[in-house]
Structures are given as C-alpha cells and as structure tokens.
Amino acid sequence: MIDTLKERKTSPAPERAGVTAAADGPEAQAVLDAFAKADTGRFPAWLREIRGAARAQAGQLGFPTMGQEEWRFTNMAPLLQLPLHPAEKAPLKLTRRDLERFDLGVDAHRLVFVDGHFCPDLCSLPEKGNGLKLGNLLGNLAAPEVEKHLARHAQADANFFTALNTAFFQDGAFVSIAAGQAAPKPVHLLFIGASAQAGATALSRNLILAGSGARLKVIESHVGLSDGARVTNTMTELALGPEAEVEHCKVQQESASAFHVATVQAAQAKDSRWTSHSIATGARLARNQIQTRLEAEGASAILNGLFLADADQLIDHHTVVDHAKPHCESHEFYHGILAGRAHGVFNGKIFVRQDAQKTNAKQTNRNLLLSDNAMIDAKPQLEIFADDVKCTHGATVGQLNDEAIYYLRTRGIGLAQARRMLIQAFASGVLERIGIEALRARLEEVLAERFKTAGI
Amino acid sequence: MLEIHNLCAGVDGNPILKDLSLQVKTGEVHAIMGPNGSGKSTLAQVLAGRSDYEVTGGTVTFNGVNLLEMKPEDRARAGLFLAFQYPVEIPGVNSTVFLKAALNECRKARGEEELDAVEFLDLVKQKTKLLELDPALLSRSVNEGFSGGEKKRNEIFQMAVLDPKLAILDETDSGLDIDALKVVAGGVNKLRRPDNATLVITHYQRLLNYIVPDIVHVLVQGRIVKSGGKELALELEERGYDWVLEAVGSNGER
C-alpha cells in the first residue's frame, strides 16, 4: 500500500499573538519575569546572546492555544494556569539507595539531576580515556563542541516552551563520544522530580554528540520522587557525525499530577543512524516533540514510541522527520494504549524536501482503545516536495481482538489475564525494538506494574 | 462424561442446532459427520463456550455439572478441550508463555502444583516428539506464520500438554496432507485412555481410518439423524449424505 502524496500545502501562518490560554492564569510575560529574576547564572557571551534572543522570542510567541494547528488536540491550559517558576535546588539529601527504584536494570554510566539541578554525588562516571565525555552541561560550557552545537539544532522559537527552555535552562547533561569510538556502556540520564510546589519547573537541556563513526546508547528517564503538580520542560539535542550510530531511549514515568513538555531534536550527517524510542506512561499531561533532520545522503532514522495512559491523562507525541537530502530512510512505529478517560495524540509529520529524491519513509501508528471514554487523535502528515520517493503511512484505532481472547480462554486462561496478555503483546511490538536488552526486560516489568495501577 | 439433551442453539436469531441429543461416555471415541452447514462447528463452539452462539433450549452436563453456565476458561479448567478448525494467530504472545500459563491454570483448577520452568520444558519436549512438532515453533508467537499443517499439529500438541478429559476435534483433518494426518491421528491415539473421551468432528471419513471411532453420528440440519458403528462412516463415504437425508425424510424442513 503505497501512498505517495504530492501536494504543496500552504498552511496558514500560525497564530503568534500572545493569546493567553488560561484566562485566570499568569500572562506569558509574567512567567518570563519570574524566570528572569531567578536567572543569576554566569554564562559565556555566545550563550548569553542565545538566551537573550530566546527570551525575547518567548515573549513574542506567548502561550500556545488550541487555535494553533500544532496544539489543536492538546489543551495546555492546566499547565499554564500554574504559577510557573524555576524549581529550586531541593533541600533534601538523596542517597544512592533512594534511587534504586528508578534503576532500569542496565549496567550504565549515570548522570542524575533533581528538579533540573545536577547531583554529582549520585553519578557514575566512566574512566577517562575511552573517548566518552560525560558531565553536566554547565561544567562543559567552555568546550568548543558545546558552543558549536548547543541550541544550533533545536529551534528555540518552535513554541513558548522551547523558547523558555533555551532562555532559562538550569543545567542538563553533556554526552560526547569521540570519532571512531564505541561507548563501552550505555549512558543513563536520570531526571528526578522532587518539588511538591505547584508550577515548580525544572528546565533541563541536554546535548549529545557522536563523532564520525562513533557508537552510543543513551537512556533518558524522567521520574517523580513523590506526587506533585510540578513541571518538567526538557530539551535534548543530538548531533550525529557521518556514520555515527546513536540509540536514544526516553522513558517518561512522571508522577500522576506532574506535567511534562519535551523536545528531542536530532541532526544527522551522512550515513548516520539514529534510533529513538519514546516510552511514555506518566504525567497528567505530557507533550513530546521527537524530531530529526536527515541532513545528508544515506542517513537513516528509526522512531519508535509506546504510550500508555489511563484516568484523565493526556499523552501527546508530535514527531517530525525532515528528509532534507536524497537517499535517506526513515521508519516510524508508534503504539498507543488508552484506558479510562485518557486522551492520546499522535501527530507524525514527514517532510520530503525538493532535493530529497529516493527518499524511503514509512510511518505506522496503531492505537488500542480499552474503554469507551478513551480517545485518540491520530494525524499522519506528509508534506512531499520531491517526485521520486516512497512514502507510506497508516494509522489504526482498534480494540482487543475478541477471537484471540476467546482462543486464550478456551485454553483455561481467564478473561482478565487474556486481555492483559494481548495488551502486553501490543506493547511488546514496540519494546522488542529496543536494542538494550536489559532495558527491554525491565520495561516489560514496568509496564506490567503500570497495567496494575491502570486497572488493566 | 458428556450428556447433551435437546440442545437448541443459533446465532442472530437463526436456529442451527435443533433438539440435538448425544451422550459420550468415558473411554469412548465418537465421530460426528455431516454435510457442510449441518451445524458441526456450531456444536463444537457451543460446547467450548463461544458467546456468539445463543443457546435457546436443552441441557449439557459435563461430568455432572451444567456446562452451559460455565465461562470458556472454566470449561477448559474442568477438562474440556477444543481443537479449532481455524486456530487463531496471536502476534506478540509467545507460544511457550501462553501454554505454560494455560497449563498452570488447568493444574490449579485440578488442585495440582503449578509446574516450574524446568518441569514445563521437560513436558513440552516430550509432547513435541509425540506430535513431531518442530520445537522452534514454540519460541514464536501463537500460531503466527504457522503453515496450515503446523497449526493443526499445534492444536493437538496443546491438547497433549493440557491433558483434557474430553477433547473435541473440529475438522482437524482439513488442510492436512496424508503424512501429517497420520502423525496427528497417531498423537490423538496415543492420548486415548480409559479415563478420557474424544469427539471427532469431520466432513470426511478419511480421518476415521486412523482415529477409529466407537460410535459415528450423522448430523443433518442441526440434529443427529443416525448413529451407528464405524461402518457407518464408510457407508457415508461411499454413498454420500443424500441417502441419509432421504431415509430420514428431512428434506423440505428448511
């Protein structure tokens, strides 16, 4: 089933006026002022310039509204009504033992951040000399590669949240693997939300660099220490050199009342391979932008995703694969599981630029609705400006297969267990694509636990 | 073991089984034969508990309990097994995980200890040999990508592992070549014991050369119109179903 669209869409200019989504909430400018007041860090001139520009952009953009195409399914008002302010350094003293429950079963180097602030005592760093540099971003601002790449790949002015992050990020991870090197272990970036204050916002900014031919696996997990209406606003930029291979697995397990807004942006050089996984089960409201730009021939990207939401959760994934050059490939595979009154959003955008002949792009989005009140908005969006390309997309929404349930029951397996087995199978369709075996096994367990809390 | 009295059942208001009665005793093998559309598969599915079929009359007791009130899983746990005519493919559910869960549910219901992984694998090894089943299939998803023959073999393999009291084989011979048929029939025969029973549903007599029934029933238009010994199957094979229809004068009923 090949569906080659060849249309030039002239979408209306996005509404950029600072319309406040939340009538009772603070204005965008007031939020910016609160962040500016707390922003006492000292930054090199190049970064001051970037931050200043982003701050101005945030003011111009204002809060997103559902009138804008990019936000039409996702009402951010519950977040924007909060008294947004930068999360302070938590007064609590965490030990390694406190973190055991966030362990993902992977023997990995680890960086830990609590409410966006770096916790060096809790980290496990690699020995020097194998080409892997790992540390907090603030500690590496003097590195020339940071200046070269930071805020150069992700658009600060994509929306209010990206501009806010760029203008005021507190810290984040810096991971760099030198050309020709393979990281001996995966890197685990652990972001812990601890603040109980409503609106306390952790702004983290991560930079992941892979030199030519380098190989690296990164796990980025977001968890909560205890429940609270706190906010995570995180951006991760990845730059892959020629023939580099990077696997990035984002695991979002925030607390039930928390908010999560994330952007992951990759930039891929010739013949590089990027695999992204986004596993999302947490937060009251989560918005993920997972994006890559295939900037040179022969690059390939795989975007996998699995989201599971119940109760009144909203989990939104907006993906963008930008085919800028010829002979690139992308494969996208997203599964959604929605129970209770949960709302899922999948918006998969594929650009094929005029120059990007011989593009091969494939997108599959499958969604499982487990209750009458669960909802999914699925929107594949292909914008193709080249004429010799292969692009396919498909989105399905369905329920569990009654035939399969009956078959399992005739073998003695109870109805609830039969349903669970099928839901788990649906989830495994994504999890089995994860290249870190121990992580895959752990995520199966995490999901089984999550099924219990969701009453599945 | 199984007592069916005046069973009436249908789907979407259309009657299919009409006053069907049948008794299967422990240790017996019964064959049900009949033309297409006579209700053979409906009988199998009603016994297994498929909810699409509505039972409108009659009783079915299985070892003294009212079968019709039981959920499909409870029927299985009580020792009833249906080998499907069209086994369902279940992508993502591993065959071994599935079968171990099923067996342990059945064992729990029988008051037996659950098997651990090692014990289970021993049992599986034994039974795959019995059915000459490629053990590699068990590392795959349930029935996914199996050939027609592999699916049928897998049904009987599951039966061998679950060790039911009453096995219902619904058109198990369809889609099997003669070699596969011999293997499957051989497996069924080896599982025959004085304390279990088998109900073989088939359109063709061929299977009954290998699984020799004690009693053959002819099902026509939802009721059993003739019962006899194994010779009846041969006669049906030779003369077709028309003479039975004429003999019972059932034409014109539908």
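In the predicted model, helix α1 (residues 40-48) of chain B is largely enclosed by the rest of the structure, because eight of its nine residues are buried. The buried positions of α1(B) are K40(B), T42(B), L43(B), A44(B), Q45(B), V46(B), L47(B) and A48(B); a residue counts as buried if 20 or more other C-beta atoms lie within 10 Å of its own. The residue that follows α1(B) is G49(B), which has a positive phi, near 105°.

Also in chain B, helix α3 (residues 95-109) packs against helix α5 (residues 148-162). The angle between these two helices is about 40°, and their axes are 10 Å apart. The crossing in which α3(B) passes α5(B) is right-handed. On the α3(B) side, the contact is formed by L99(B), A102(B), L103(B) and C106(B), which meet Q158(B), V161(B) and L162(B) of α5(B). By class, the residues of this contact comprise six nonpolar, one polar and no charged.

Between the chains, 18 residues of chain A are in contact with 18 residues of chain B. On the side of chain A that touches chain B, the elements giving two or more residues are α6 (402-409) and α7 (415-431) of chain A. Helix α7(A) provides the largest share of that side, with eight residues. The composition of the side of chain A that touches chain B is nine nonpolar, six polar and three charged residues.

How values were computed:
Residues are numbered from 1 along each chain as its sequence is written. Chains are lettered from A and ligands numbered from 1 in the order in which they are written. This is a predicted model: local features need pLDDT of at least 70, side-chain atom pairs count only at pLDDT 80 or more; totals for chains, interfaces and linings use all residues. Two residues are in contact if their C-beta atoms, placed from the backbone, lie within 7 Å. Helices (H or I, at least four residues) and strands (E, at least two) are DSSP runs, numbered from the N terminus. Ala, Val, Leu, Ile, Met, Phe, Trp, Tyr, Cys and Pro count as nonpolar, Asp, Glu, Lys and Arg as charged, and the others, Gly among them, as polar. Axes are lines fitted to C-alpha atoms, for helices over the stretch in contact, and angles run from 0 to 180 degrees between N-to-C directions. A crossing is left-handed if the near helix is turned anticlockwise from the far one by less than a right angle, and right-handed if clockwise. A residue is buried if 20 or more other C-beta atoms lie within 10 Å of its own, exposed if 12 or fewer, and partly exposed in between; C-beta atoms are placed from the backbone.
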